[in-house]
Amino acid sequence: YIDAAERYQSYVQFESPGRVLVLLPMNHIFSLVSSVFLPLLNGLSICILNSLNPKTILETIESEKISYLSSIPEILQMLARVKKDTHDTESLEVLISGGSYLSPENHDLITSVFGVEVLVGYGLTETAPVTANLRNHGKKGTLGEFCRGLSGRIEKTADKDNGEISVQASEVFFGYFRQPEETGEVFDGEWFLTGDTGYE
């Protein structure tokens, strides 16, 4: 978790004394890394909200002067659709999207409504984050580059432009606990086979 948080911080560049909004439940490593470990390691305040009600989230951003929110695209899209001019979200500096696909159209919607950069990254429970967009240099429609400090590759085949995303996981993921057969199925030497496809 610490390694992942440090790796991700080099891209999102959260700054103290910023305030991070954490939305419960946190059922993915993305939330733990971006909303708990990263703030704790970098001197940011964490505001925990046990609600996914969009009105409550927007009111909390306003009342607690939230600087950063990391969430899945579906929640960011929902917030963009219900936000009214009366909601003061001027404290926001950047929004982080991960966990599922963010279309270019929804990227534009969120950016235009909140007036801040939306950074998109990719990872999975075993190895997160894998890719990230660099703050102030994010590219809409992409998942960014392979994170520094983590070796990644795309296994291309002769008949396709895209291929399976693989991560060298020797210091990140050692296998599934007491499941040697399942572990063997997802490793090619030291490379973890994510099962997801991508292209460069």
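## Aromatic cluster and ring pairs

In this predicted model, one aromatic cluster is formed by F173, Y176, F187 and F192. Within this group, the ring centres of F173 and F192 lie 5.2 Å apart with their planes at 75°, so the pair is edge-to-face. Because F173 belongs to the loop between strand 9 (163-168) and helix 6 (180-186), while F192 belongs to strand 11 (residues 191-198), the pair ties together parts that are 19 residues apart in sequence. Both F173 and F192 are buried.

The structure holds six aromatic pairs. One of them is made by F14 and Y68, whose ring centres are 4.0 Å apart and whose planes stand at 10°, so this pair is stacked. It links distant parts of the chain, with F14 in the loop between helix 1 (2-12) and strand 1 (19-23) and Y68 in strand 3 (residues 68-71), 54 residues apart. F14 and Y68 are both buried.

## Charges over rings

Two arginines are placed over aromatic rings. The charged end of R153 sits over the ring of W191, 3.9 Å from its centre, and the charged end of R148 sits over the ring of Y11, 4.8 Å from its centre.

In helix 5 (residues 104-114), the residues N106, H107, I110 and F114 are buried. They lie on the same side of the helix, because they cover an arc of only 110° around its axis. An α-helix has 3.6 residues a turn, so residues three or four places apart point the same way. On the other side of helix 5, E105 and S112 are exposed.

The buried residues of helix 5 pack against helix 3 (54-63), helix 4 (73-82), strand 4 (94-97) and strand 5 (117-124). Just after helix 5, G115 adopts a positive phi of about 70°.

Technical notes
Residues numbered from 1 in each chain as written. Predicted model: local features only at pLDDT ≥ 70, side-chain atom pairs only at ≥ 80, totals over all residues. Heavy atoms only, no water. Buried < 20%, exposed > 50% of the residue type's maximum accessible area, 1.4 Å probe, protein only. Helix = DSSP H or I, 4+ residues; strand = E, 2+ residues; numbered from the N terminus. Arc of directions from axis to C-beta. Contact = heavy atoms within 4.5 Å. Phe/Tyr/Trp six-rings, centres within 6.5 Å; stacked < 30°, edge-to-face > 60°. Lys NZ or Arg CZ within 6 Å of the ring centre and 35° of its normal.
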